[in-house]
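Please look over the sequence and the fold shown below.

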Amino acid sequence: MIRITYSRDRQPLAEMIRDDLADTFQVSVPILIVLVSKQSNADPHVQAEIESARRERAHILPILTDSSARPVALAAARALDFSRGYERERLLQRLAQAAMTPADIRRANRRAFTLIAGIAALIFGIAVVAIVSGGVAFPVAEYNEEATFQAQWVDGLIRETLAHVQPHGTEDALRFAATYEAAPTRLHYYIRGTATALAKGSA
């Protein structure tokens, strides 16, 4: 059941809404539509209707009809702003949402989940078929080209920087620890794993 509460100055709008809902909308949960205006905020009858709906745990839909602030009792309710004009389709859409029971919401969620899962499975299946059939292939050549470029870049960086400090003979190898320490810090990561040294006293 849908009830509409309003002050006398909003009667034309209330009658318009009532006519739109008469034959097109039926609900199984109690809904109170409140036409919020400066006059309705001071109307004891309207405020009593709001309090009654709150006690009954009915769904309350405030409709803002001017720039007046909604009463504190409606602060938490989602409102429709019709201060610039009445919009029938927005009202019907909001009422449809308000009229949904928890079971309706669960069914809608299940349908949405099933649809999304079906789309995801379809996309996955298409991708698998494309890969298996050779329609889609990994860009091996591009991977190899990138790996070669990185290897050349690292090699050039190390070779150019270490040319004057790398060991060239046995004596240099014996002092390689000092050579390693002399290398720029940014290259330690590259040379640490390949550093070798001869034990002191070895031939």
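R88 counts as partly exposed, because its relative accessibility is 30% and the cut-offs put buried under 20% relative accessible area, exposed over 50% and partly exposed in between, with a 1.4 Å probe and protein chains only. The side chain of R88 meets that of D20 in a salt bridge, at 3.6 Å from N to O; the term stands for a side-chain nitrogen of Lys or Arg within 4 Å of a carboxyl oxygen of Asp or Glu. R88 belongs to helix α4 and D20 to helix α1, so the pair ties together parts that are 68 residues apart in sequence. D20 is buried, its relative accessible area being 18%.

Some notes on the model come next. This is a predicted model, in which local features need pLDDT of at least 70 and side-chain atom pairs count only at pLDDT 80 or more, while totals for chains, interfaces and linings use all residues. Residues are numbered from 1 along each chain as its sequence is written, and side-chain values use heavy atoms, with hydrogens and water left out.

The protein chain has nine helices and four strands. Both kinds of element are DSSP runs numbered from the N terminus: helices are H or I of at least four residues, and strands are E of at least two. Read from the N terminus, the order of elements is β-α-β-α-α-β-β-α-α-α-α-α-α. Of the 203 residues in the protein chain, 28% count as buried. The protein chain exposes about 14,200 Å², and carbon and sulfur atoms supply 58% of that area, as found by the Shrake-Rupley method with a 1.4 Å probe, where for residues only the protein chains shown count as cover. Contact here means heavy atoms within 4.5 Å. Among contacts in the protein chain between residues at least 6 apart in sequence, 61% join residues at least 24 apart.

Now to the interior. In soluble globular proteins, nonpolar side chains tend to be buried together. A nonpolar core is a set of buried Ala, Val, Leu, Ile, Met, Phe, Trp, Tyr and Cys residues joined through side-chain atoms within 4.5 Å. The largest such core in this structure has 16 residues, and those with the most contacts inside it are I17, I33, L35, L61, I63, L91 and L95. Two or more residues of this core come from each of α1 (11-22), β2 (31-36), β3 (59-64) and α4 (88-98). Another core, of 10 residues, lies apart from it and includes I50, A53, A58 and L74.

Helix α4 also holds R94. What is the nearest side chain of opposite charge to R94, and how far away is it? It is E87, 10 Å away, and R94 is buried yet has no salt bridge; in this count Lys and Arg are positive and Asp and Glu negative, while His and the chain ends are not counted. Leaving aside neighbours within four places in sequence, R94 is in contact with L61, R78, A79 and L80.

E87 does have a partner elsewhere: it forms a salt bridge with R90, the closest N and O atoms being 3.3 Å apart. R90 is partly exposed at 33% relative accessible area, and E87 is partly exposed at 36%. Salt bridges that share partners also join R3, E49 and E56 into one network. The structure holds eight salt bridges. In one of them, E49 pairs with R3, with the closest N and O atoms 3.2 Å apart. This pair links distant parts of the chain, as E49 is in helix α3 and R3 in strand β1 (residues 2-5), 46 residues apart. R3 counts as partly exposed, at 21% relative accessibility.

Two loops deserve a look. D9 sits in the loop between β1 and α1 and is partly exposed, with 31% relative accessible area. Its C-alpha atom is separated by 9.8 Å from that of K38, which is 29 residues apart from D9 along the chain. Apart from neighbours within four places in sequence, D9 is in contact with S37 and Q39. R57 lies in the loop between α3 (44-55) and β3. Most residues other than glycine have a negative phi. Phi of R57, however, is near 60 degrees, a positive value. R57 counts as exposed, at 76% relative accessibility.
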